[in-house]
Amino acid sequence: MRIGYPCINRSIGCTASRTFRLASWSEERMRETVSGNLACLEKILSYNAVHGMLFFRITSDLVPFASHPVCTFPWQEEYAGVFEKIGAYIRQHGFRISMHPDQFVLLNAPDKGVLRRSIDDLGYQVQVLDLMGLDRSAKVQIHVGGVYGDKPAGIERFVHQYDLLEAAIRERLVIENDERLYSLSDCLAIHERNGIPVIADTFHHSLLNNGEQFFSLFNQVGKTWKNNDGIPMIDYSSQEPGKRVGAHAMHIVAEDFRQFLKETLPADFDIMLEIKDKEKSALGALAIARDDPRLVTRHLGNA
């Protein structure tokens, strides 16, 4: 079990997700931005390795406009050596890595333009992981998509479009349940159709379910991951008090997380903390889990 957080480290003074307006696109601007983002990613990974946070979600904005037609800059070739270096560091320190496109990536979209752009963006994110030389346990996670007035038809489109994807994308793609449209049971039903692994989002399940307790579906979710996929990934968060329903917590609730670890024993999985204060809560979670026999700590201090 590895514990981590997504995309942004608030302690080190840089971001790996700098971008710019499309109207400002130039090769010079692109080179400057990507160089800065990759340098910051290296700093984040170094910080995480020192502190034992071995699960990290790389920002989708690492290479701005990479899948947009405006981008003629050969970033893959320009930064091949940097990607290879980062990938070697990831493997050396035992990181688990994921990526997560934004909400506009919709594999079940009926609009062909939206679908094409979605596939292009998935291709870009898969390229990033491939350039790093990471194995199939590094995943790109998406939601099922929209309902578009007909949920069964939406599921059919997802299954159909998934089957048409290039193998390089299919091998890295995983789906997660969301809080409004597609439940964990829906995702498991899709897995039965096409074999795609399922990420269980604990917070989303608390907001959208069919009356099932999370732990009643837990074993089924684990079985959707094959050996080459690595151990399952789980997204963990909770409701921020006083905010709209579905607002992620600002800080981890220690007692709730402690109970979650207890109730999931002995299942092994990697935990992505989708909590607003990022590495601060991840450090707290590591402290709570320090005696858990599943916790991976062997790389601690080796950055």
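Modeller: Of the contacts in the protein with a separation of 6 or more, 79% join residues 24 or more positions apart; contact means heavy atoms within 4.5 Å. This is a predicted model, in which local features need pLDDT of at least 70 and side-chain atom pairs count only at pLDDT 80 or more, while totals for chains, interfaces and linings use all residues. Residues are numbered from 1 along each chain as its sequence is written, and side-chain values use heavy atoms, with hydrogens and water left out.

The protein has eleven helices and eight strands, taken as DSSP runs (helices H or I, at least four residues; strands E, at least two) and numbered from the N terminus. Buried residues, those under 20% relative accessible area with a 1.4 Å probe and protein chains only, make up 54% of the 303 residues.

Now the rings. Phe, Tyr and Trp rings (for Trp, the six-membered ring) pair if their centres lie within 6.5 Å; planes under 30 degrees apart are stacked, over 60 edge-to-face, and the rest tilted. The count by this rule is 16 aromatic pairs. One of them joins Phe-260 and Phe-269 edge-to-face, at 5.9 Å centre to centre and 65 degrees between the planes. Phe-260 has a relative accessible area of 6% and is therefore buried; Phe-269 is buried too, at 1%. Both belong to a cluster linked by ring pairs, which also takes in Phe-214, Phe-215, Phe-218, Tyr-236 and Phe-257.

Definitions and conventions:
Buried means under 20% relative accessible area, exposed over 50%, partly exposed in between (1.4 Å probe, protein chains only).
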